[in-house]
Amino acid sequence: MCTTGRQTLIGQCPLAQSVGIASEGACVFGERIPDGSTAGVLLPIVVAGGSSSTQLALDLRLRHPDRGQLKVRVRAPNGAQLSLHDRSGAGVPDFAWCGTVRVPWTGVNGRWIVSVGDGVAGGEGTVEYVNLTAR
Ligand SMILES: [Ca+2]
């Protein structure tokens with residue numbers, strides 16, 4: 001479940017439904033992705049309840065006319081960077097990730113940052129939804 005503003009979403013991620021969610025992540029709706037900015041938009045999410053976890057569930061939905069302009073990264077609390085998407089799929093609209101992110105260490109609590117960069121001027125989009133929880 002994810003609550004923000006006046007909206008509550010439940011069961012948006014089929015994978016998340018199959019496991020107990022130990023903690024709430026965070027979610028945003030309609031957050032603009034800066035056009036022509038490789039730094040992009042940073043979405044900090046504090047993960048709790050995962051002191052013995054090596055995996056997280058990530059549910060990310062982007063609306064954009066061309067996913068080939070987008071880079072999606074996740075930065076762990078320890079500074080490690082994971083690349084989830086790097087400008088593949090030119091001309092294909094939108095991008096979604098709903099699945100497991102595995103890390104080579106134990107304990108996933110702390111402040112994570114999901115970042116979405118659109119380094120190509122022209123064509124802009126929004127982050128429709130993001131949620132990151134320990135599994
Ligand atoms: Ca663009």
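**Sheet and core in a predicted model**

Trainee: What share of the chain's contacts between residues at least 6 apart in sequence join residues at least 24 apart?
Mentor: In this predicted model, 78% of those contacts join residues at least 24 apart in sequence.

Trainee: OK, and which secondary structure elements does the chain have?
Mentor: The chain has 1 helix and 10 strands, and along the sequence they follow the pattern β-β-α-β-β-β-β-β-β-β-β.

Trainee: In what order do the 4 strands of the open sheet come?
Mentor: The order is 4-9-6-7, with antiparallel pairing, and the sheet is open. Strand 4 (37–47) and strand 7 (81–86) stand at the edges with a single partner strand each, so one side of each has no neighbour in the sheet. On average, and ignoring direction, neighbouring strands here are turned by 20 degrees against each other.

Trainee: How many bridges join strand 6 to strand 9?
Mentor: There are 6 bridges between strand 6 (residues 70–75) and strand 9 (residues 110–118), which run antiparallel; V72, for instance, has V116 in strand 9 as its bridge partner.

Trainee: Switching to burial, what percentage of the residues is buried?
Mentor: Of the 135 residues in the chain, 29% are buried.

Trainee: And which residues of the largest nonpolar core touch the most other members?
Mentor: That core has 22 residues, and those touching the most other members are V47, L56, V114, V130 and L132. At least two core residues come from each of strand 4, strand 5 (55–63), strand 6, strand 9 and strand 10 (125–134).

Trainee: What does V114 touch, then?
Mentor: Leaving aside residues up to four places away in sequence, V114 touches L43, I45, L60, V74, V130 and L132.

Terms used. Residues numbered from 1 in each chain as written. Predicted model: local features only at pLDDT ≥ 70, side-chain atom pairs only at ≥ 80, totals over all residues. Pairing = 2+ DSSP bridges. Axes fitted to C-alpha atoms, helices over the stretch in contact; angles between N-to-C directions. Buried ≥ 20, exposed ≤ 12 C-beta atoms within 10 Å, placed from the backbone. Contact = placed C-beta atoms within 7 Å. Core = buried A, V, L, I, M, F, W, Y, C linked by C-beta atoms within 7 Å.
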